[in-house]
Amino acid sequence: MPKAPPASPAEPASYEAALQELEQLVARIESGQLPLDQMLTGYQRGASLLAFCRERLDAVQDQIKVLDDGQLQPWTQE
C-alpha cells in the first residue's frame, strides 16, 4: 500500500514567522543530525519559506514605489 503524501505545512502567519522558521530549519539542516528524508523535507520547506519571504519583500517594495511616486528612493536612516 503506497504512503499518502504528507500534508503541506500551513503558510506562515507573517514575514517574521517565516524568517524565524527558516532560520531554525537552516540550523537543523546544518547540524548534520537529520536523516536524509527529513533533510530533503526540510530543504523543500525552506525553499517554500524563502519564496514566501521574497514575495512579501517584493510586495512591500512595490508599495513603497507607489508611495514615492514610482521612484524607489534609497533608504537612509535619519
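I take helices as DSSP runs of H or I with at least four residues, numbered from the N terminus. The model I am reading is predicted.

**Entry 1: A47**

I looked up A47 and found it in helix 2. Is A47 buried, exposed or partly exposed? Its relative accessibility is 41%, so I logged A47 as partly exposed. That value falls between the 20% and 50% cut-offs. I then checked A47 against L22. The two sit 25 residues apart along the chain, and their C-alpha atoms are separated by 8.8 Å.

**Entry 2: the helix pair**

Next I looked at how helix 1 (residues 15-31) and helix 2 (residues 36-67) meet. Their axes come within 9 Å and cross at roughly 150 degrees. Angles over 145 degrees count as roughly antiparallel, so helix 1 is roughly antiparallel to helix 2. I noted the crossing as left-handed.

Which residues make the contact? On helix 1 I listed Y15, A18, L19, E21, L22, L25 and I29. On helix 2 I listed M39, G42, Y43, R45, G46, L49, L50, F52, C53, R56 and L57. Sorted by class, the contact has 13 nonpolar, two polar and three charged residues.

**Entry 3: the core**

I asked which residues form the largest nonpolar core. I found six: A18, L22, L25, L49, F52 and C53. Helix 1 and helix 2 are the elements that each give two or more residues to this core. In soluble globular proteins, nonpolar side chains tend to be buried together.

Last, I followed C53. I set aside its neighbours within four places in sequence. C53 is then in contact with Y15, A18 and L19. A18 is also on my list for the core.

Note on methods. Residues numbered from 1 in each chain as written. Predicted model: local features only at pLDDT ≥ 70, side-chain atom pairs only at ≥ 80, totals over all residues. Heavy atoms only, no water. Axes fitted to C-alpha atoms, helices over the stretch in contact; angles between N-to-C directions. Parallel < 35°, antiparallel > 145°, perpendicular 65-115°, else oblique. Left-handed = near helix turned anticlockwise from the far one by under 90°. Contact = heavy atoms within 4.5 Å. Nonpolar A, V, L, I, M, F, W, Y, C, P; charged D, E, K, R; others polar. Buried < 20%, exposed > 50% of the residue type's maximum accessible area, 1.4 Å probe, protein only. Core = buried A, V, L, I, M, F, W, Y, C linked by side-chain atoms within 4.5 Å.
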